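Welcome! Have the sequence and the 3D view open side by side, and let us walk through them together.

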Amino acid sequence: MGQLHHHLLIATPAMDDPFFQRSVIYLCEHNDDGAMGLMLNRMTDTSIAELVSKINFMMADNRRVDSDAVVLLGGPVNLDKGFVLHSKCIPPFERSEAISSDIWLTSSLDVLETLGKPNAPEHYLVTIGCCSWSAGQLEAEIRQNMWLVAPCDARILFDTPYSQRWQSAVALLGISASDLSMEGGRA
């Protein structure tokens with residue numbers, strides 16, 4: 001199986017872990033050592049405006065952060081760590097890594113300092129935690145029909161409402177959610 005970074009994982013009805021049912025995950029890394037991704041459709045009860053405010057960056061400035069934007073639960077691993085998936089910024093932030101030519105992942109606080117300001121990334125999402133798989137684990141789950149894989153579409157990352165991301169990701173494959181089955185097969 002080729003490298004799947006910069007792809008979407010879409011949970012199928014065969015997904016037996018309730019935490020991941022109807023989830024969409026953006027794969028930030030996939031190699032021989034395993035994989036790491038961020039869940040795109042599990043919201044926390046914290047808005048990005050609240051998060052930035054709690055970190056005391058909004059004390060004396062006039063930031064404009066979308067009131068509907070919330071911090072996402074990126075996954076059950078590293079819940080003490082935040083990740084910001086965003087469009088390319090020049091210069092990059094302290095701990096930024098290019099996932100593709102236009103999508104970057106940053107795990108340093110300097111990106112939060114820009115949110116709501118003119119120098120913020122044009123598009124971004126903020127998560128707490130991530131998803132990870134050991135070597136061969138993700139490939140086994142795909143063979144067990146737990147995940148479908150689709151090329152990334154930035155509109156799903158940044159523009160699609162959270163509650164519609166799973167259906168929109170399924171539609172990238174040219175099918176509807178009602179077409180999915182518990183059974184997998186090989187053609």
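Is C131 buried or exposed? C131 is buried, because its relative accessible area is 1%. Please keep in mind that this is a predicted model, so every value here is computed from the predicted atoms.

Now look at C130, which counts as buried too, because its relative accessibility is 2%. A disulfide needs the two sulfur atoms within 2.5 Å. Seen from C131, the closest cysteine sulfur is the one in C130. A search of the whole structure finds 0 disulfides.

## Strand β1 and its two partners

Next, find strand β1, which covers residues 7-11. This strand is mostly covered, with 4 of its 5 residues buried. Strand β1 is joined to β10 (residues 147-151) by 5 bridges, and the two run antiparallel. To see one of these pairings, find L9 in your view: its bridge partner in β10 is V149.

Strand β1 also pairs with β2, residues 24-31, again in an antiparallel way, through 3 bridges. Here I10 stands opposite V24 of β2. While you are looking at strands, here is a handy idea: in a regular strand, the side chains alternate between the two faces of the sheet.

## Two buried strand residues

Which strand holds W104? W104 lies in β8, made of residues 103-106. W104 is buried, because its relative accessible area is 14% and the cut-off for buried is under 20%. Leaving aside residues up to four places away in sequence, W104 touches V84, L85, H86, K88, P92, S96, E97, A98 and I99. Try the distance tool on W104 and C28: they are 76 residues apart along the chain, while their C-alpha atoms are separated by 8.9 Å.

S47 sits in strand β4, residues 43-47. This serine is buried as well, because its relative accessible area is 13%. Beyond residues up to four places away in sequence, S47 touches A69, V70 and V71.

## A salt bridge

How many salt bridges does the count come to? The count comes to 1 salt bridge. D153 forms a salt bridge with R155, and their closest N and O atoms are 2.5 Å apart. As background, side chains of opposite charge can pair when their charged atoms come close.

D153 counts as buried, because its relative accessibility is 14%. R155, on the other hand, is exposed, because its relative accessible area is 53%, and exposed means over 50%.

I175 is found in the segment after α5, the helix spanning 165-171.

Why does I175 count as partly exposed? Its relative accessibility is 31%, and partly exposed residues fall between the buried cut-off of 20% and the exposed cut-off of 50%.

Technical notes:
Residues are numbered from 1 along each chain as its sequence is written. This is a predicted model: local features need pLDDT of at least 70, side-chain atom pairs count only at pLDDT 80 or more; totals for chains, interfaces and linings use all residues. Side-chain values use heavy atoms; hydrogens and water are left out. Buried means under 20% relative accessible area, exposed over 50%, partly exposed in between (1.4 Å probe, protein chains only). Contact means heavy atoms within 4.5 Å. Two strands pair if DSSP finds at least two bridges between them. A salt bridge is a side-chain nitrogen of Lys or Arg within 4 Å of a carboxyl oxygen of Asp or Glu.
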